[in-house]
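Hi everyone, thanks for making time this morning. Please have a look at the sequence and the structure on the screen, and then I will walk you through a few places in it.

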Amino acid sequence: MKKLLVINGPNLNMLGIREPGIYGKKTYEDLKKYIMKHAREKGVAVEIYQSNHEGDIVTKIQKAYKNKHAIIINAGAYTHTSVAILDALKAVALPTVEVHISNIDEREEFRKTSYIGMYAMKQIMGKGFNGYTEAIDYIIENVKN
């Protein structure tokens, strides 16, 4: 059974409250339930993690080494700023899919730079919660155990 780690970065715990015109009205709990339901249907084990702290995200990525088959990450604002998260992903060398609820290419100029995208095997953006299920499906189809 594939074991996936889904990491969500800063402010994703505020879904449903934070800029609903961009992120929608569904909550972070709704997102977790949506991901877990899809994972069960696909027969994969998923651990979901959220942190507002860069170092905690780095540590979680490091702990995935030899414990997970792949990572799905929505690093939030750290997408555009964190060389540390990029370096952690490169260090563990796990297949990684980057997900964003909104389309970061259609937002502010500074959001168009993705450090995570410099490593990720695929970027999925602008598909809302469906981006996470697309990432799970992509990993199932493209990553060997």
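**A walk through the chain**

Let me start with how the chain holds together: of its contacts with a separation of 6 or more, 74% are between residues 24 or more positions apart, where contact means heavy atoms within 4.5 Å.

A word on the ground rules. This is a predicted model, in which local features need pLDDT of at least 70 and side-chain atom pairs count only at pLDDT 80 or more, while totals for chains, interfaces and linings use all residues. Residues are numbered from 1 along each chain as its sequence is written, and side-chain values use heavy atoms, with hydrogens and water left out.

Now the overall picture. There are 5 helices and 5 strands in the chain, and from the N terminus their order is β-α-α-β-α-β-α-β-β-α. Those elements are DSSP runs numbered from the N terminus: helices are H or I with at least four residues, strands are E with at least two.

How does the radius of gyration agree with a compact globule? For 145 residues such a globule would be near 15 Å, and the chain has 14 Å, so the two agree. That radius is taken over C-alpha atoms, and the globule rule is 2.2 Å times the number of residues to the power 0.38. Along the principal axes, the C-alpha atoms fill a box of roughly 40 × 35 × 25 Å.

Of the 145 residues, 46% count as buried. Here buried is under 20% relative accessible area, exposed is over 50%, and partly exposed is in between, with a 1.4 Å probe and protein chains only. The chain exposes about 7200 Å², with carbon and sulfur atoms supplying 49% of that area; the method is Shrake-Rupley with a 1.4 Å probe, and for residues only the protein chains shown count as cover.

Please turn to Ser 114, in the loop between strand 4 (96-100) and strand 5 (122-125). Is Ser 114 buried or exposed? Its relative accessible area is 10%, so Ser 114 is buried. Its side chain makes a polar contact with the side chain of Glu 98 at 2.7 Å. By polar contact I mean a pair of N or O atoms within 3.5 Å; within protein, one must be able to donate a hydrogen and the other to accept it, and residues adjacent in sequence count only if both atoms are side-chain atoms. A polar atom of the Ser 114 side chain also lies 3.5 Å from the backbone nitrogen of Ile 116. Leaving aside neighbours within four places in sequence, Ser 114 is in contact with Thr 79, Glu 98 and Gln 123.

**Thr 27**

Next comes Thr 27, in the loop between helix 1 and helix 2 (28-42), which is partly exposed at 32% relative accessibility. Which residues does Thr 27 touch, not counting those up to four places away in sequence? They are Leu 15, Gly 16 and Phe 129. Thr 27 and Gly 16 are 11 residues apart in sequence, with their C-alpha atoms 4.5 Å apart in space. The Thr 27 side chain reaches the backbone nitrogen of Glu 29 at 3.4 Å.

**Two backbone angles**

Finally, Asn 11 is not a glycine, yet has a positive phi of about 75°. Asn 11 sits in the loop between strand 1 (3-8) and helix 1 (20-23). Lys 66, also not a glycine, has a positive phi of about 65° and belongs to the loop between helix 3 (54-64) and strand 3 (70-74). Asn 11 is partly exposed at 36% relative accessibility, whereas Lys 66 is exposed at 69%.
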